[in-house]
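Hello,

Here is the structure I promised to pass on. Please open it first, then read my notes below.

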Amino acid sequence: MFETMRPPAPDSLMEVGRLFRADMRDEKIDLGVGTYRDGEGRIKIMAAVKQAEERQLKSQMGKGYLGPGGDQLYCERLMEALFPDLPAMADRRLSFVQTPGGTGAYRLGLELAAFRSPASRLIVGAPTWPNHIPVAERAGLRSVTYRHYDPATGTVDFDAMMEAVSDARPGDLFLLHGCCHNPTGAALSPAQWAELADALLEAKLLPLIDLAYAGMARGLVEDAAGTRRLLDRLPEAIIAISCSKSFGLYSERTGMLAVMAASPSAADACRLTAETFARSLWSNPPDHGAAIVRTILGDEGMRANWLAELDAMRHRLAGIRSRLAASGLPGTEPIAAQEGLFAMMPFDSGQIAAMREKHAVYMDMSGRINIAGLNAGNIDRFLHACRDMSHPANRRAEPNSSLRDVASTMQV
Ligand SMILES: Cc1ncc(COP(=O)(O)O)c(C=O)c1O
C-alpha cells in the first residue's frame, strides 16, 4: 500500500538545525529556528510561567477533557489583554476556540473560512512563514501571492499590498501578520493599517490575522493595534493567536482562534462549527499551557511580572537591531525600523553556505536570521563573518550539497 510513497522534500530550517547540532565547533552561532533566546543563548522558562505552573500543580483537581472549545476563560483573558475594551466583545460578536498553538488556530480559521465559502482564495504576501501556504492547501484553500517586501528599502511593499487587495475577489481571505513579520520584520505604519482597513472593507475581503509575536516589538497592546484597527473597522475577521513566543510556551502548544462575526448569533454559529472541526482535527486541546496563561492573566502580580519580562525581551531585541543597523554592512540599515525576531540578510545561497562552513554561523537558506540568537558574546564574530562575506570570493559560491536540494524547495 505504501510502495508508491515518496518522502517529502526536506524542510530547510530543520536541515539547518541538524547541521548546527552536528557542528562540533564551540564558537558556532545558531540564527535558525524562531525561538527567543536570552543574552546567554538560553530558551528560558519565564519566571511568571514557573510561578503559574507551581500554583497550577497545587490546585489542579483532575485531568478530564476540556471539550473541543477548550478553556474559554483563558481565551477571554487573552483577548482582553490584547484588545482591551473591544466593542465586539461587549456586543458578543466574538467567539473563541482554544487551539494547539498558533498553527492549530490558523488551520482551524482556514477550515472555517473554506467551509463558509469554498471558492475563497487566500491572498498571501511573499515571503511569509513557510507553513502558511501548505496549511492552507491542507484546508483545501488555494493561495494567491503578491510581493509583500521590498528588499531595496527593507520595508513593506505597500503599493503591491493595496494592489493585491483591489485584485482580490469579494469573500477572499487576506492574510496578515499582526506584528513582527516572519521572516522580514518589516512593519506597517498605523496610517497604513488604517488605509488597509478601509480597502479591505471596500473590497469585501475577510482578514485572517496571524498574531504570533505580540509584545516583542513595542508592547503587548501596541503590537495588537493594527489588528485592533481592523476589528474596529470591519464586520468580520479571523485571528489566530499564539502564546508560544509571548509566553515562551513553545512545547505546550498554546493558542486560540478568535472569530469576529456581524451578530451574536453568527458568532455562536462560528464557534459551534469551529468546535466540530476541532473535534475531528485534535478532539480536545491540551490543558497545561492555557491554564498557565489563564493563571498569569488572572493575577495582578504575575501579570505584572510577565509583562516586565516581555518588556525586557523586546528591549534586548531592539538593542540587537540597533547594533546590526549601525554596523555599516550593506542592507542592514533598515533593520532598526523593523520589528520582532527576524531580519533578512542580503546573502545569496553561496554566502549562506560560506557563513556556515567558514564561520559556523547557521541561518535559514532564505537569508532569514533569528536576531535573538545574537548576544554580547557572539555579535562581533557575527559581524566579522558578515564583513568577510562582502569579499568577492565569497559571492555566488555553490551551496554545499546537503543543502542545495533543500534550498531549491524553499517556500519563502
Ligand atoms: C508567523 C507565525 N505564525 C504562527 C506560528 C505558529 O506558532 P505555534 O508554535 O504557536 O504554532 C509561527 C511560529 O513560528 C509563526 O512564525
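Buried means under 20% relative accessible area, exposed over 50%, and partly exposed in between (1.4 Å probe, protein chains only). Helices (H or I, at least four residues) and strands (E, at least two) are DSSP runs, numbered from the N terminus.

This is a predicted model: local features need pLDDT of at least 70, side-chain atom pairs count only at pLDDT 80 or more, and totals for chains, interfaces and linings use all residues. Residues are numbered from 1 along each chain as its sequence is written, and side-chain values use heavy atoms, with hydrogens and water left out.

Back to H2. Its buried residues are Ala 48, Val 49, Ala 52, Glu 53 and Gln 56. They lie on the same side of H2 because they cover an arc of only 135° around the axis. That arc is taken from the directions from the helix axis to the C-beta atoms. An α-helix has 3.6 residues a turn, so residues three or four places apart point the same way.

**The ligand**

Which residues surround the ligand? They are Gly 101, Gly 102, Thr 103, Trp 129, Asn 182, Asp 210, Ala 212, Tyr 213, Ser 242, Ser 244, Lys 245 and Arg 253. Each has a heavy atom within 4 Å of the ligand. Helix H5 (residues 101-116) gives the largest share of this shell, 3 residues.

The protein covers 90% of the 390 Å² of accessible area that the ligand has on its own. Those areas come from the Shrake-Rupley method with a 1.4 Å probe.

Helix H14 (residues 349-359) is mostly covered, with 8 of its 11 residues buried. Among them are Ile 352, Met 355 and His 359. Asp 348 caps the N-terminal end of H14. Its side-chain oxygen lies 3.0 Å from the backbone nitrogen of Gly 350. Just after H14, Ala 360 takes a positive phi of about 60°.

Met 344 sits in strand E11 (residues 342-344). Is Met 344 buried or exposed? Met 344 is buried, with a relative accessible area of 17%. Met 344 and Met 363 are 19 residues apart in sequence and 9.9 Å apart in space, C-alpha to C-alpha.

Best wishes

Technical notes
Polar contact = N/O pair within 3.5 Å; in protein donor to acceptor, adjacent residues only side chain to side chain.
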